[in-house]
Amino acid sequence: MVSRVAKKGSRDSKPAKPARSAKRGAEDLLTGSLAPADLRARSVEEEIGTEVRRLRKGLDLTVAELGTAAGISAGMLSKIENGSISPSLSTIGALAKALNVSISSLFAESDERRDCSFVKAGQGVRIERRGTKAGHLYDLLGHSLAGDIGVEPFLITLKQDALPYTNFRHVGVEFIYMLSGKVRYRHADRTYLLEPGDALFFDAAARHGPEELIKAPMEYLSIIIYPRR
């Protein structure tokens, strides 16, 4: 008796799944988000260039200003910061002196300087913002220490006598995660009913804020992300 062979394209046939390599699987585990995982080992030149750029920006100096202080051209400094040339020891010494740091600090491993901010429960910094007068309490839970992107995570508490306030407006984007209570939140020409577990992510350039305070106590996380100027 001849067995039936599934024809190509029939429902009985299933295309073989390509084998997933172990290498690809390992790559997928490098990051928990869509952010690129730049884990390539950097050269000494790149490490020095990255540190020089970080220190220069921290002092609010332009490439031309630091170059003048160190006695090198702006073009050479740009190449040093990009890691495309290997600066001489005398040049490194001149840059360290202009930046008011030791020569050895320019060779420090960048991984040792990764930003980290830790705040114990209940120890966030209470700050004043535009909504404070309306009974909105802001506890800053951390801050980004350096870089071109600023991040401000807040725990926002709306007091029992809090008032609606929808005139917040600032650069960047904002992420809100509702923890307790119930609030109708306005963004531009739309409103959203926020209950525990709900999340809202929006362009913060449009006017926004809690329009209707429905159920107390009301708490939510607000994470503001913006480019540093």
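Helices (H or I, at least four residues) and strands (E, at least two) are taken here as DSSP runs, numbered from the N terminus. The structure is a predicted model, in which local features need pLDDT of at least 70 and side-chain atom pairs count only at pLDDT 80 or more, while totals for chains, interfaces and linings use all residues. Residues are numbered from 1 along each chain as its sequence is written, and side-chain values use heavy atoms, with hydrogens and water left out.

The chain has 5 helices and 7 strands, and along the sequence they follow the pattern α-α-α-α-α-β-β-β-β-β-β-β. Of its 229 residues, 28% count as buried, where buried means under 20% relative accessible area, exposed over 50%, and partly exposed in between (1.4 Å probe, protein chains only). The accessible surface comes to about 15,500 Å², and 55% of this belongs to carbon and sulfur atoms; such areas come from the Shrake-Rupley method with a 1.4 Å probe, and for residues only the protein chains shown count as cover. Among contacts (heavy atoms within 4.5 Å) with a separation of 6 or more, 63% join residues 24 or more positions apart.

Confidence comes next. pLDDT is the predictor's confidence in each residue, from 0 to 100; the chain averages 80, and 74% of the residues score at least 70. Where pLDDT is low, the predicted coordinates should not be read in detail.

In the helical part, helix 3 has the buried residues Leu66, Gly67 and Ala70. Seen down the helix axis, these fall within an arc of 100°, so they line one face of helix 3; the arc is that of the directions from the helix axis to the C-beta atoms. The face turned away from this buried side carries the exposed residues Thr68 and Ala69. The buried residues of helix 3 pack against helix 2, helix 4 and helix 5. After helix 3 comes Gly71, with a positive phi near 75°.

Helix 4 (residues 74-81) has Leu77, Ile80 and Glu81 as its buried residues. They cover an arc of only 95° around the axis, which puts them on the same side of helix 4. An α-helix has 3.6 residues a turn, so residues three or four places apart point the same way. The buried residues of helix 4 pack against helix 2 (44-58), helix 3 (63-70) and helix 5 (89-99). Just after helix 4, Gly83 takes a positive phi of about 70°.

The strands follow. Two strands pair if DSSP finds at least two bridges between them. Strand 2 (residues 136-140) runs antiparallel to strand 1 (residues 125-127), joined by 3 bridges, with Asp139 as the bridge partner of Arg126. Strand 2 is also antiparallel to strand 3 (residues 149-158), through 5 bridges, and here Leu140 stands opposite Phe154. Since 5 of the 5 residues of strand 2 are buried, the strand is largely enclosed by the rest of the structure. His136, Tyr138 and Leu140 point one way from strand 2, and Leu137 and Asp139 the other way. In a regular strand the side chains alternate between the two faces of the sheet.

Strand 4 (residues 173-187) pairs with several others. With strand 7 (residues 208-227) it runs antiparallel over 13 bridges, and Tyr185 has Pro210 as its bridge partner. With strand 6 (residues 199-203), strand 4 is antiparallel over 5 bridges, with Phe175 opposite Phe201. Strand 4 and strand 5 (residues 190-194) likewise pair in the antiparallel sense over 5 bridges, where Arg184 stands opposite Leu193. These two strands form a hairpin with 2 residues between them, and Ala188 in the turn has a positive phi of about 55°.

The loop between strand 5 and strand 6 contains Asp198, which counts as partly exposed at 27% relative accessibility. Beyond its neighbours within four places in sequence, Asp198 is in contact with Ile176, Tyr177, Met178 and Leu193. Tyr177 is 21 residues from Asp198 in sequence, with a C-alpha to C-alpha distance of 5.9 Å. A polar atom of the Asp198 side chain lies 2.8 Å from the backbone nitrogen of Glu195.

Note on methods
Polar contact = N/O pair within 3.5 Å; in protein donor to acceptor, adjacent residues only side chain to side chain.
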